[in-house]
Each structure stands twice: as structure tokens, then as C-alpha cells.
Amino acid sequence: MRWALVKVCLAVTTMVVVAFAVPLGLVVKEMARDRAFSNAERQAAAVAPALSITTEREQLERVVASAGSEARMAVHIPEAEGTAAVDIGRGRAAGEDIATVRRVGRVSTTEVDGGFALLQPVALSSGAIAVVEVYVPEAEVSNGVGTAWAVLAGVGAALVVGSVAVADRLGVRMVQPAQRLVESARELGEGRLGARVPEEGPTELRLAAAAFNSMANQVVQLLANERELAADLSHRLRTPLTVLRLNAASLGDGPAAEQTREAVAQLEREVDTIIRTAREAKPQTAAAGPGAGCDAAEVVRERMEFWSALAEDEGRTWRLAGVEKPARVPVARADLAAALDALLGNVFRHTPEGTAFSVDVHHADDAVIVLVSDAGPGIPDPEAAMARGRGSGTEGSTGLGLDIVRRLAESTGGDVRIGSSVLGGTEVRIWLQLDGRKPVRRGHRGAVRRRRAGALVSIFNRSRSLP
């Protein structure tokens, strides 16, 4: 908008300068021409009285010398009865032009070499018509014109530059509020909820700033209400959790009792985490720093050990692959464990007992890929399953669990895909990018896609070897 305003002002000022400077320059040129010919007419008029009295050569030469220069003035007297034609001074006009002036009887100008010649007729006492010729050089006709045009050009250029400078300053006053609005919107989108816009500038931008600030205040209020609601709901779970803990403590010894107590303890930890997170004044928007994260292979082994007992009770066969070496990922251990529990819980919840499943961890150059596959009926509509809160509660439904997994993957710059597994059921692929939220450059997108395709082919080949 700033440069557009400058261009418009430049175009308008240039047109105005041209509209006034060109006619004014032509007027200056015409005035210089009129001045030069007026001087020539005065010189010719000084000789006319002498011509009306005498036509003697010596007297006329003295008159011409006193009136001007013989190099620039000439007198042409025609021949009469008993007298020959007399030409005094240096004549430059053609004989035809002189004869035309005698015949017409009025002043005329004609072009000659190096300038112009003024021809003025004068009546003699004999009745004949003499012609006084005054030479006007080209330099005298254009005297001062060049200087005047230079001054006009300088004034016009100064006006154009001044108008551009003023337009640029006005553009800055208009653009700066818009830029502050853009920066504040970007900060708000990044999670800095204290971003506000000064209500300055033109009326429209002040109204936009006021609307943005009102929207930001509403967003802060809505988030605060949501955090309070989440904390309140989580806090209400403490009472039934306490009952569950007491009941689990009375179960005695045994694998099932120990597993129940561990599940209750984990549930209490998750509730405490939800409450602490909801009570935070600001949302966590920064990416994980260097050294943060967890070992995905270790987390997968731990969670598979937890779910293996339930798998054994339901007669499910399972396989675990790719956890032999560490796989460091930039996500919190609790978040990754919650995502794995959501996927494995979907397998147990939405597939019949005895359905086999597998978990595969693959190490790529720039990512760690976790595959959870099962031999169940599959998910007929993966897109609907990925939508938050659209689980239907029927077989193949995933509810909110996949949304937890999706947000975990996207926090690293990765993604989640749902497809068909080699076991015949559903396959959920979690792509955890190792470089966090770093954007992929346009020139490297093809290479990234090729690496992902190669990694998936390797995973597919490995999965085919599973029973």
C-alpha cells in the first residue's frame, strides 16, 4: 500500500508539472522572440525619419551608424527618376522578400542564415518605398530561454521529489499500523496471548485494531474458562479414583490385582497432570529444546509390557519389532505413552478377543516411525476417525484417541496416517519428525517424500515377516 500511494502521487505530480511547465516554457520562448523583434523595430524606426527627408548615401550611412550597427542593419532604396538604387549596409534578405514588402507595405520577418531579418517599409518624399532591414541573430531570439527552461525543470523535479517524500511519509503512517496488526495476529497465533495492537492510524485501521484487541481478549477469556472447566472436571475424578484405589488395595496379591493397582496409579498421575496443565496461566507453545524428549523404543517396550498381560488373558498374539536400539524423539515421555495407550486401547476395545496385533518402530534419517497394526475389521472411514470427537462407539471407531496421537505427531512437524495393515485390519502410522517444527524447504519436499516412501517400503517388508 505504501508503494502504491507513492506511485499514484508520482504519476499525479508529474502530470501536473508537465501540464504547467510545458505551456509556461513555450510562453517564455515566445516572450524572448517578441523582445528581440521589438528591439529590431525600434532600430528600424530610428532610421525612418531620415529617409523621409533625404536619400543621400553619406547622410544615411551616418544615420544607420548612429541607430545601430552596419553589420546588422541595411537600407534598400529603389531607383527613381534620375537616381540609381541605393543599398546601405550588409543586406541578408532575398530580393523577392524585399520586393514583397514594398508591394504589401507592412512590416515582415523572414528567415536568413543565422537568424531572422526584420523588413520595415518607409515611404520616401518621392513616393517610392524604401525598406529598412534589421538582422536579428538566433541567439538573441532564444536569449534566456534555456535558463528559464532549466529553472522550470528544476522546480518541477523539486515538486515531484517533494510530493513523493510526503506520500512516502503518509504511506508509512498508514502501513505501520497495518504491520503492527499483522505482527500481533502472528504472535497471537503462536500462543502469545498478551499480543495487542495500539489503536493508532487512520480510522479504518483504528477500528480494525479495536476489533482485534476485543477478539484477543475474548480468546484469552475462552481459554481461561476452558482451563478452569478441564481442571474442575479432572478434580471431580479424584473421588471415584480414591474409591478405586481403596478397592484395588483390598484385592490382595496376584498379577491381576497388581495390574489393577498400577492402572489406578497411572490414572491418578494423568489426572494430576491434566489439573496442573489446566491451571497454567499460559499455554505451552515452544518446541522442545536440545536434549529434551524421550526414547521411543523404551516407551514402546514399557507400554507393551503393560498391555501384554491383558493380551494374554484375551488370547491375543502380538509382536514387537524395531526396539533393539534407542530411538530418541522430541516429545515428552508421558505424551508418547498416552498416545500409545490410546492406540493399543483402541485395538483391545474395537477388535474381537483373540485378534492379533503388532507394534513396529522404524528408524529413518530424519524421523522415527511407530506402526500399530491389528488383524481386526479395520476402519471404513479413516478421515472421519481422525476428526476429533467423531467416534461412534462401534467397531472400528477410534473416538478421541486418534486426536491425541495426531496432536503429538504434529507437535514435531510429523503426521498420522491410517491405512490397511498386512495383518488384514487397521494400521496407524505415527511419523515423529526429529527436527521438531522446522519447516521443510520447497526444494527438499521431493527428497523428503522419497525418504518417507523408502521408509514405508522397508516397514512393509518387515511387517510381512510377522506371523
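Trainee: Where is V8, and how do you know what to call that place?

Mentor: V8 is in helix α1, which covers residues 2–53. The name comes from DSSP runs: H or I over at least four residues makes a helix, E over at least two makes a strand, and both are numbered from the N terminus. Mind that this is a predicted model, in which local features need pLDDT of at least 70, side-chain atom pairs count only at pLDDT 80 or more, and totals for chains, interfaces and linings use all residues. Residues are numbered from 1 along each chain as its sequence is written, while side-chain values use heavy atoms, with hydrogens and water left out.

Trainee: On to the rings. Why is the pair of W307 and F348 called stacked?

Mentor: Two rings of Phe, Tyr or Trp (its six-membered ring) pair if their centres lie within 6.5 Å; planes under 30 degrees apart are stacked, over 60 edge-to-face, the rest tilted. W307 and F348 have centres 5.1 Å apart and planes at 25 degrees, so stacked it is. The two come from distant parts of the chain: W307 is in helix α9 (residues 296–313), F348 is in helix α10 (residues 333–350), and 41 residues separate them.

Trainee: And what should I call the pair of F348 and F357?

Mentor: Those centres are 5.5 Å apart and the planes meet at 65 degrees, so this pair is edge-to-face. The whole structure has four aromatic pairs, and F306, W307, F348 and F357 make up one cluster.

Trainee: How do you know whether F348 and F357 are buried or exposed?

Mentor: Buried means under 20% relative accessible area, exposed over 50%, and partly exposed is in between, with a 1.4 Å probe and protein chains only. F348 has 10%, so it is buried.

Trainee: What makes R303 sit over the ring of F306?

Mentor: The rule asks for NZ of Lys or CZ of Arg within 6 Å of the ring centre and within 35 degrees of the ring normal. The charged end of R303 is 4.6 Å from the centre of the F306 ring. R316 does likewise over the face of F348, at 4.7 Å.

Trainee: Why is the contact of E302 and R333 called a salt bridge?

Mentor: A side-chain nitrogen of Lys or Arg has to be within 4 Å of a carboxyl oxygen of Asp or Glu. For E302 and R333 the closest N and O atoms are 2.5 Å apart. E302 is in helix α9 and R333 in helix α10, so the bridge ties together parts 31 residues apart in sequence. At 35%, E302 is partly exposed, and R333 is as well, at 33%.

Trainee: Which salt bridges does R303 have?

Mentor: One is with E302, at 3.8 Å from N to O. Another is with D341, where the closest N and O atoms are 2.9 Å apart. R303 is buried at 5%, and D341 is buried at 14%. E298, E302, R303, R333 and D341 are linked in a network.

Trainee: How do you know that strand β4 pairs with β3 and β5?

Mentor: DSSP must find at least two bridges between two strands. Strand β3 (residues 108–112) and β4 have five, in the antiparallel sense, with T110 bridged to A117 in β4. β4 and strand β5 (residues 129–137) have nine and also run antiparallel; there, V122 has A130 in β5 as its bridge partner. As for cover, eight of the nine residues in β4 (residues 115–123) are buried.
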